[in-house]
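Here are a few notes to read alongside the model. Keep the structure open and follow each point in turn.

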Amino acid sequence: MDYAREILQGSPRAVARLMSWLEDEDERAYPVMEEIYRHTGKAYILGITGSPGAGKSTLTDKLTRTIRRKGLSVGIVAVDPSSPFTGGAVLGDRVRMSELSIDPGVYIRSMATRGFLGGISKATADVVKVLDAFGKDVIIIETVGVGQDEVDIIGLADTTCLILVPGLGDGIQSMKAGVMEIADIFVVNKADRAGADQVVAEVCARVDQDSHIKVKDWTPPVLKTVAVEDQGLEELWQAIDGHRAMLEKTGKLHEKRRERICNETLRMIHNELFRVVREQLQDSGQLDNLVTDILDHKRDPYSIMREITGKWISLPQHQKETS
């Protein structure tokens, strides 16, 4: 089966198979990715992040409906915690978006973190490329919801929305560094709850403070939504569209994507080099000997690291393949 051709022709089954290969790090995925890569780069990538309980899934569901009314197709990558037993996704956002799943203009993929930190999965970037080649206009990445260190989404998304809610300590969080610094748009969801106006005021104060420290092309708006009641979603989409227009006008969209490609390429090279070196050290038994020497304090890991990397870098290519 020609999976690349099937994906480009709109086959959901081929998309699902390739995504599974990517999550499992199956070698069969990479020739297909090479074929479809030239067809990527057209989709706009939106990140939805925030604390657990902020209503990210409901907001993603309602925002997707708003986007669909604009005539745009949507891909959703919902990253969930991993099961400690199977490694699969625990929550399964597909269940909470069951009505969307029957819309042919929407494709939903739930992914497990599989121990990968930063709020996303290791294969998220590649899955986004598959949805891009599949022809989706907007791709939404909903992160797992792990707290203030959930900042990896900024490396994937063109626009990042941080979802806050009253009553979950977000007033304190808004004064801290970390996840607050990555937001292009702040969304106070469940704004019908007591304390919503206080959260809005605190975040606005933080945004105003930052604007005096550093002049930027974009001042993050602070919006209120009640996702379950479909309130504020149109305004949110307008803010996202406004941020995209700014990025395109200033050339920052091109800059962001160039930096993303640079980081992704380095990450892929790093992962492949690590895999090859690790396999050779393990298969030859050299790793066990080195660990024993370190444990017995005959050697240290620092000099061993320099020795191995120095030897590897200086080897001609044909020796690396046979060593």
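**Notes on a predicted model**

1. Start with strand β4, residues 138-142. Five of its five residues are buried, so the strand is largely enclosed by the rest of the structure. This is a predicted model.

2. Look at both faces of β4. Val138, Ile140 and Glu142 point one way. Ile139 and Ile141 point the other way. All are buried.

3. Now turn to charged side chains. The whole structure holds 19 salt bridges. One of them joins arginine 109 and glutamate 23, at 2.9 Å from N to O. This pair links distant parts of the chain: arginine 109 sits in strand β3 (residues 106-112) and glutamate 23 in helix α2 (residues 12-23), 86 residues apart. Arginine 109 has a relative accessible area of 10%, so it counts as buried, the cut-off being under 20%. Glutamate 23 is buried too, at 12%.

4. Lysine 224 and aspartate 197 form another salt bridge, with their closest N and O atoms 2.9 Å apart. Lysine 224 belongs to strand β7 (residues 222-224) and aspartate 197 to helix α8 (residues 196-213), 27 residues apart. Lysine 224 is partly exposed, at 42%. Aspartate 197 is exposed, at 54%.

5. Salt bridges with shared partners join Asp2, Arg5 and Glu6 into one network. Within it, aspartate 2 meets arginine 5 at 3.8 Å, N to O. Aspartate 2 is partly exposed, at 40% relative accessibility. Arginine 5 is partly exposed, at 41%.

Notes: Residues are numbered from 1 along each chain as its sequence is written. This is a predicted model: local features need pLDDT of at least 70, side-chain atom pairs count only at pLDDT 80 or more; totals for chains, interfaces and linings use all residues. Side-chain values use heavy atoms; hydrogens and water are left out. Buried means under 20% relative accessible area, exposed over 50%, partly exposed in between (1.4 Å probe, protein chains only). Helices (H or I, at least four residues) and strands (E, at least two) are DSSP runs, numbered from the N terminus. A salt bridge is a side-chain nitrogen of Lys or Arg within 4 Å of a carboxyl oxygen of Asp or Glu.
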